[in-house]
Amino acid sequence: MKPFRAAALLALLAALLGPGAHAAGLAFIAIPAAADGPALQGAVWTPCATPATDIVLEPLVVKGVRDCPVAGNRLPMVVMSHGTGGSAMGHHDTAAALADAGFVVAAIAHPGDNFRDLSRQARLSTFATRPVDMRRLVDHMLGRWPGHAALDPQRIGIFGFSRGGYTALALVGAQPDWTLRRDLCPAGSTVPLCQEAARGEVPPPPVPDVRIRAAVVVDPLSMFAAPGLKNVRVPVQLWASEFGGDGVTPESVAAVRDGLPTPPEWQVAEGAAHFAFLAPCSAAFTRMAPEICKDGPGFDRTAFHQRFNAAVVAFFRQKLATPAPR
C-alpha cells in the first residue's frame, strides 16, 4: 500500500477549527490501559442547557461549555473513529451538531495511528486494534463514564471517516479481504502492511459489536467486497467524495454501496475531495496544511458541512429514534 502523504499534515489536526461550531458541552476522557489495549485519550460532546462561551484550547478557541452537566436522559450515543493520523477533534463540528441535537458523542485517538503517534500506521495490526478501541470506548461510556446513567444503551451509532469508515464497517459485521485492493499494494511494494498481506500475515477477522444499531460511513478506506459485506444488518448512511484521495477512490466506495445487502442511504459530496469531510479549517491552519484544508474551485467546505452535519443528524435521529422500553 502506498504511504499516506497526508499523515504528517494530519499531525496538525488539533489545530483544525473552523467557523460556525455548534454549542455543546465538551469534556475530555482518559480510558485506562487494560488487557485488551493501551490507554485511550478522547473527547465527549454532550447536550448542554447552559449558553455557550469560548473554550480556549491552545491554539484553539471552541464555542461550547467545558464540563457541562449532561442535559437529558435516555440519550442516544454516537462514537467516532477518525482517519489515519487523525485525532479525536477531526470532526468536532459534526460532533457538536449531534450534541446540540440531543446526542452524546465520544471520540478517541487510535493508538499507533494518530497525529501524535504513527508507530503502527503502516502495519496491518492497526486494522485489528481499531475496532477493539471503539468497543472499549463504548464499554467505558456505558460503564465508567460519569454521565453513563443518562445514556440509552439500546441507541448507539457509529461515525467513521476513511480508516474510521473501515472501522465502522468492521464493527457492524463486515469482513475484510486483504487481497482486494491491488491498487494500494502493487507488486514489490515495500510498505510493511503490503508485505504483511503478501505473506498472509493478516489480522484475525474483526468481531462485530451488536450494540451498534446504525452507522454513518464516510469515504471509507475499503477492503470489502460483497461477500464480506453480507452480514451488515444495520442501516448505513454512506458518503463518497467525488474525487477521493489518500487511498480512497470513488469506485471503491461505490463497491461498498453495491455490496451491502440492504442499500445504504447514499450520499455523494459533489466537487469534494477526501479531506472535505474534515471540519472547516481556520485561516491559520489553511496556511499550515493546504493539502488538507484547500478544496477545489467552487467548493465551499463551510456551506457543505452545514448540509453534511444536518444529514448526519437526521439519519441518526431516524435510525436511533425510539428509546428502549424499561
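Start with the largest nonpolar core, which has 50 residues. Select Leu137 and Met141: they have the most contacts inside this core. Keep in mind that the model is predicted.

Stay on Leu137. Show its neighbours, leaving out residues up to four places away in sequence. Leu137 touches Ile29, Ile31, Val79, Ala106, Ala107 and Ile108. Next, go to a second, separate core of 43 residues. Select Met89, Val105, Trp239 and Phe316, which are among its members.

Now the disulfides. The structure holds 3.

Select Cys48 and Cys68. Their sulfur atoms are 2.0 Å apart, forming a disulfide. The link is right-handed, with 85° about the S-S bond. Cys48 sits in the loop between strand 2 (40-46) and strand 3 (53-57). Cys68 sits in the loop between strand 4 (60-66) and strand 5 (75-81), and the two cysteines are 20 residues apart. Buried or partly exposed: which is Cys48? Cys48 has a relative accessible area of 23%, so it is partly exposed. Cys68, at 10%, is buried.

Move to Cys185 and Cys194. A disulfide joins them, S to S 2.0 Å. This link is left-handed, with -75° about the S-S bond. Cys185 and Cys194 are buried.

Finish at Cys281 and Cys293, joined S to S at 2.1 Å. The torsion about their S-S bond is about -80°, so this disulfide is left-handed. Cys281 lies in the loop between strand 10 (265-269) and helix 8 (283-288), and Cys293 in helix 9 (residues 290-293), so the pair ties together parts 12 residues apart in sequence. Cys281 and Cys293 are buried.

Step back to the chain. With the bonded cysteines numbered in sequence order, the pairing reads 1-2, 3-4, 5-6.

How values were computed
Residues are numbered from 1 along each chain as its sequence is written. This is a predicted model: local features need pLDDT of at least 70, side-chain atom pairs count only at pLDDT 80 or more; totals for chains, interfaces and linings use all residues. Side-chain values use heavy atoms; hydrogens and water are left out. A nonpolar core is a set of buried Ala, Val, Leu, Ile, Met, Phe, Trp, Tyr and Cys residues joined through side-chain atoms within 4.5 Å. Buried means under 20% relative accessible area, exposed over 50%, partly exposed in between (1.4 Å probe, protein chains only). Contact means heavy atoms within 4.5 Å. A disulfide is a pair of cysteine sulfur atoms within 2.5 Å. Helices (H or I, at least four residues) and strands (E, at least two) are DSSP runs, numbered from the N terminus.
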